[in-house]
Amino acid sequence: MKKTPRYRNYIRGCWVDSEGGEVFENRNPADSRERIGLFPQSTTKDLEEAVQAAQAAALPWARTPAPKRAELVFRLGELLLRRKKKFAAEMTREMGKILKETEGDVQEAIDISYYTAGEGRRMFGQTTPSELPNKFAMSVRMPIGVCGFITPWNFPMAIPSWKMIPALVCGNTMILKPATDTPLSSVNLVQACHEIGFPPGVINLVCGSGKNIGIPMTKHPGVKLISFTGSTEVGREVSRNCAPDFRRVHLEMGGKNAILVMEDANLDLAVDGAIWGGFGTTGQRCTAASRVVVHKKVYGEFLKRFTARANALRVGNGLDPETEMGPLVSESQRTSVEQYVEIGRGEGARLAAGGRRITAGALAAGWFHQPTIFADVHPQMRIAQEEIFGPVVSVLPCKNFEEAIEIANGVSYGLSSAIYTRDVDRAFRAIRDLATGICYVNASTIGAEVHLPFGGIKQTGNGHREAGQQALDFFSEWKAVYVDFSGKLQRAQIDNN
Ligand code: NAD
């Protein structure tokens with residue numbers, strides 16, 4: 001029998017076992033008989049080691065010129081490009097999503113590396129006049145110190161890279177704690193960093209549970225910043241843990257995103273968007289289109305085409321290039337989806353497609369579930385309010401544009417939204433009125449690009465943004481600098497009248 005590979009933590013530039021020697025396993029969601037690897041079930045002692053390593057590396061790294069830091073990041077992008085196929089295949093094996101999507105996941109890490117590498121020679125501050133003569137004023141970005149990153153399983157390389165890359169270019173050192181369902185992709189990312197030659201201690205990886213590593217990391221006084229992506233429930237706890245000593249915290253959390261299909265929409269295009277948004281990544285995206293709000297004039301026709309396409313989706317192992325939808329990431333995720341299907345039935349929604357786990361043939365050993373559509377859903381039903389994080393889409397009828405907006409905004413989340421219409425005035429009204437951090441016109445709710453700010457409002461986020469220029473604001477402190485070359489005491493607000 002093939003031996004299960006054993007992976008380690010990465011601390012001070014070396015791959016090391018957890019001090020306790022305990023491990024947890026990671027299985028292939030498409031065939032749960034296959035073990036992907038054994039990973040350290042780390043303890044607070046391991047975390048302590050990583051914090052000390054990151055602290056020791058902080059000053060030399062902060063003093064390394066930003067263009068030099070960025071050069072390493074650029075070379076990381078090049079290495080990831082060379083390894084893209086391998087890393088994508090390993091990600092499909094550990095996470096389940098199809099190869100095209102895992103290649104896209106690695107590509108996001110490449111994109112953010114290339115994009116942010118340029119910031120090493122920019123990171124612009126302001127130079128500005130002083131109100132006093134012979135005085136110079138400017139602002140500069142300063143690193144913050146040791147950063148702690150806690151990440152989910154659905155984008156196992158993209159999300160860690162969105163945090164790591166800008167943080168590193170800004171001159172911070174870091175510790176990554178990946179989700180226990182998908183640690184291999186983080187190991188791969190960190191191994192690539194190791195080969196590029198980041199100085200020891202700048203990048204550290206500690207595997208383990210939220211309880212053993214996540215919570216202590218959010219309370220550790222040596223960790224100056226936390227960036228968390230995951231569920232709103234856990235994000236609330238992270239926020240509370242960071243509050244007592246005012247630790248800087250960035251939260252990217254759940255979503256309940258809607259596509260609006262107006263009566264003048266290109267229906268085929270809207271169906272394409274609903275299929276991709278609802279069932280891409282098996283619905284396990286924070287930006288998944290889990291609600292489709294359809295104008296009553298086209299409701300019947302849209303539903304007919306949408307259910308036909310959902311029923312025809314090829315579900316299977318993501319490594320097979322023919323597969324269009326993979327499994328859920330875990331048995332517990334599948335159970336949670338089944339519970340929501342029961343809730344939807346109980347609430348009186350009409351099951352229009354799917355509704356069951358798949359137990360037949362080659363798929364029996366995986367955590368597969370049918371693409372599922374509920375029709376005639378009422379906006380207040382739980383399936384229309386709560387994040388399901390699986391291949392379940394609710395279709396809701398609406399009588400006009402205003403009602404569609406009201407339904408779309410009537411949830412506690414505010415991540416992504418989309419409208420399909422050919423009316424340019426209505427498209428711009430939707431851009432203005434949809435209460436989300438990301439908005440699409442004639443495209444689905446998913447498909448963010450790394451040079452624009454990514455994140456949500458309401459219970460999706462806490463006001464910060466990932467990626468784009470905005471990431472720099474989170475990963476650096478502003479310092480205002482005044483240089484007085486008048487040779488005398490000059491008092492602002494007093495001597496300028
Ligand atoms: P999760 O909240 O269960 O776990 C996220 C991470 O937090 C994991 O690494 C986990 O080990 C850790 N963790 C768990 N409990 C913790 C605690 N008490 N303190 C500190 N860390 C803890 O989320 P998940 O199931 O891995 O991911 C799915 C969720 O992530 C969904 O809600 C989804 O919407 C969200 N998500 C959001 C975005 C976004 O950008 N808004 C992107 C991807 C996923």
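Reader: Which residue of strand 16 stands opposite Arg291?

Author: This is a predicted model, in which local features need pLDDT of at least 70, side-chain atom pairs count only at pLDDT 80 or more, and totals for chains, interfaces and linings use all residues. Residues are numbered from 1 along each chain as its sequence is written, and side-chain values use heavy atoms, without hydrogens and water. Strand 13 (residues 289–295) pairs with strand 16 (residues 392–398) in the parallel sense over 5 bridges; strands (E, at least two residues) and helices (H or I, at least four) are DSSP runs numbered from the N terminus, and two strands pair if DSSP finds at least two bridges between them. In strand 16, the residue opposite Arg291 is Ser394.

Reader: What are the edge strands of the open sheet of 7 strands?

Author: The order in this open sheet is 14-15-16-13-12-18-19, with mixed pairing. Each edge strand pairs on one side only, and these are strand 14 (350–353) and strand 19 (438–441).

Reader: Why is strand 11 largely enclosed by the rest of the structure?

Author: Strand 10 (residues 225–229) pairs with strand 11 in the parallel sense over 5 bridges. Leu225 has Arg248 of strand 11 opposite. Buried means under 20% relative accessible area, exposed over 50%, and partly exposed in between (1.4 Å probe, protein chains only). Strand 11 (residues 248–252) is largely enclosed because, of its 5 residues, the number buried is 4.
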